[in-house]
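Here is a friendly walk through one protein model, from its overall charge and fold down to a few individual residues. Keep the viewer open as you read.

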Amino acid sequence: MSAVEIDAVVAKGAAFLRKRLRSGVYGLSVVGRDTARASDNSGHIFAAAFIAEAMTGLLDEIDRSLILVRILSEENEGLWGYSPPERCHREQSLMLHVDSDDSAYALRTLQRLGINRPPTRLLSFYRKPERMFVTFDSPAPPSLTTDVSVAHNLLAHPEVNANIFLALQGTHLEEFVNYDVLLQSQHENGFWPSYFYPSPLFGTQLALDVFHAKAEFAGPVARALSFIVQTQNADGSWGTQSDPYEAALAVAALAGRPEHKTAMDAGVDYLLSSMAPDGSWASQACVWEFQAGEGDVWRAFDVHRVYVTARCLTALRRSTGALSVVS
């Protein structure tokens, strides 16, 4: 399919995202044992970051204002969390009101929308001896882990560090980007595992964005790209269930790499064939997990078809060069 035809598909998807954005229903559905604390529309800061990325150059002033209002209304002294503070107000969980991951997404989105907010507050999560960022501002000694447990929530996680590094790159705080954190967390098979995001392609695409245009990391990048290509399904998709979400992550990672154009084109064809008539993409994949307590795992799903649609649009726009890694 030509770039012009893909642009028409992107326009249809953007119209769907705009409608959802203006309805206010564009978060993730969270399911857990403690249903009183779960929600069918949470994580707006997280979702808005990907809407803004997918619609770079396509947002009108109403769209832009809606995203800005959402971000600023959930700000907590220069930081952000997965949900507004009032949803989780117990004293013992105050440190969970904000986290470095959502804060980095908010700051990156503000930058994308033309608001210059220095990422200085992220340094409250920085641990100098280890030269890495923790996800929650806990006094516990940090270490890097993807081994999921309640006790490990307060440690450092590779995909969160990658997200923060993207927020710091190109700023006066770039010295705090520690590429060794990502190099040491790459799996022997080439992908980057995540702590909070089940898909192996989530952390992989993030890390590849961090290493974008940095020739000194050609080896790790090549191993990651090889993993992506080797795990592609026969129908051009990725994932055990041939899922558009997994395909979108893979296509976005492969975009702009001529040596893998065949795999990318097959992935693009799969995405185009799996788009719904209303301009959205649906996925059954668990997007995010949080160990809320012993035996209580919160799992987030994109029941409103916004987050996955945004990821698919980003992948398609990257595939044509309409959207770059650094935008």
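Let's begin with charge: the protein carries 27 positive and 37 negative side chains, and the centres of these two sets are 4 Å apart. Please keep in mind that this is a predicted model.

**Overall build**

Eleven helices and six strands make up the secondary structure of the protein. For a chain of 327 residues, a compact globule would have a radius of gyration near 20 Å, and the 19 Å found here agrees with that. Along the principal axes, the C-alpha trace spans about 55 × 45 × 40 Å. Of the 327 residues, 56% count as buried. The accessible surface comes to about 13,600 Å², with 54% of it belonging to carbon and sulfur atoms. How many of the contacts between residues at least 6 apart in sequence join residues at least 24 apart? The share is 67%.

**The core and a buried histidine**

In soluble globular proteins, nonpolar side chains tend to be buried together. Here the largest nonpolar core has 105 residues, and Ile 228 and Trp 288 have the most contacts inside it. If you select Trp 288 and set aside its neighbours within four places in sequence, you will find it in contact with Val 30, Tyr 82, Phe 196, Tyr 197, Pro 198, Trp 298, Arg 299 and Ala 300.

Tyr 82, one of the contacts of Trp 288, is also among the contacts of His 44. His 44 belongs to helix H2, which covers residues 44-54. Is His 44 buried or exposed? Its relative accessibility is 7%, so His 44 counts as buried. Beyond its neighbours within four places in sequence, the contacts of His 44 also include Gly 24, Tyr 26, Gly 27, Arg 70 and Glu 74.

**An enclosed helix**

Helix H5, residues 158-168, is worth a look. Eleven of its eleven residues are buried, so H5 is largely enclosed by the rest of the structure. Among these buried residues are Val 160, Ile 164, Phe 165 and Leu 166, along with Glu 159, Asn 161 and Asn 163. What covers the buried residues of H5? The cover includes helix H4 (100-112), strand S4 (132-133), helix H6 (179-185) and helix H7 (200-210). After H5 comes Gly 170, with a positive phi near 80°.

**Residues in loops**

Most residues other than glycine have a negative phi, and most peptide bonds are trans.

Another loop residue is Ala 140, located between S4 and H5. Ala 140 has 27% relative accessibility and therefore counts as partly exposed. How far apart in space are Ala 140 and Leu 122, C-alpha to C-alpha? They are 17 Å apart, with a separation of 18 residues in sequence.

Key
Residues are numbered from 1 along each chain as its sequence is written. This is a predicted model: local features need pLDDT of at least 70, side-chain atom pairs count only at pLDDT 80 or more; totals for chains, interfaces and linings use all residues. Side-chain values use heavy atoms; hydrogens and water are left out. Helices (H or I, at least four residues) and strands (E, at least two) are DSSP runs, numbered from the N terminus. The radius of gyration is taken over C-alpha atoms; the globule rule is 2.2 Å times the number of residues to the power 0.38. Buried means under 20% relative accessible area, exposed over 50%, partly exposed in between (1.4 Å probe, protein chains only). Contact means heavy atoms within 4.5 Å. Accessible areas come from the Shrake-Rupley method with a 1.4 Å probe; for residues, only the protein chains shown count as cover. Lys and Arg count as positive and Asp and Glu as negative; His and the chain ends are not counted. The place of a charge is taken as NZ of Lys, CZ of Arg, CG of Asp or CD of Glu. A nonpolar core is a set of buried Ala, Val, Leu, Ile, Met, Phe, Trp, Tyr and Cys residues joined through side-chain atoms within 4.5 Å.
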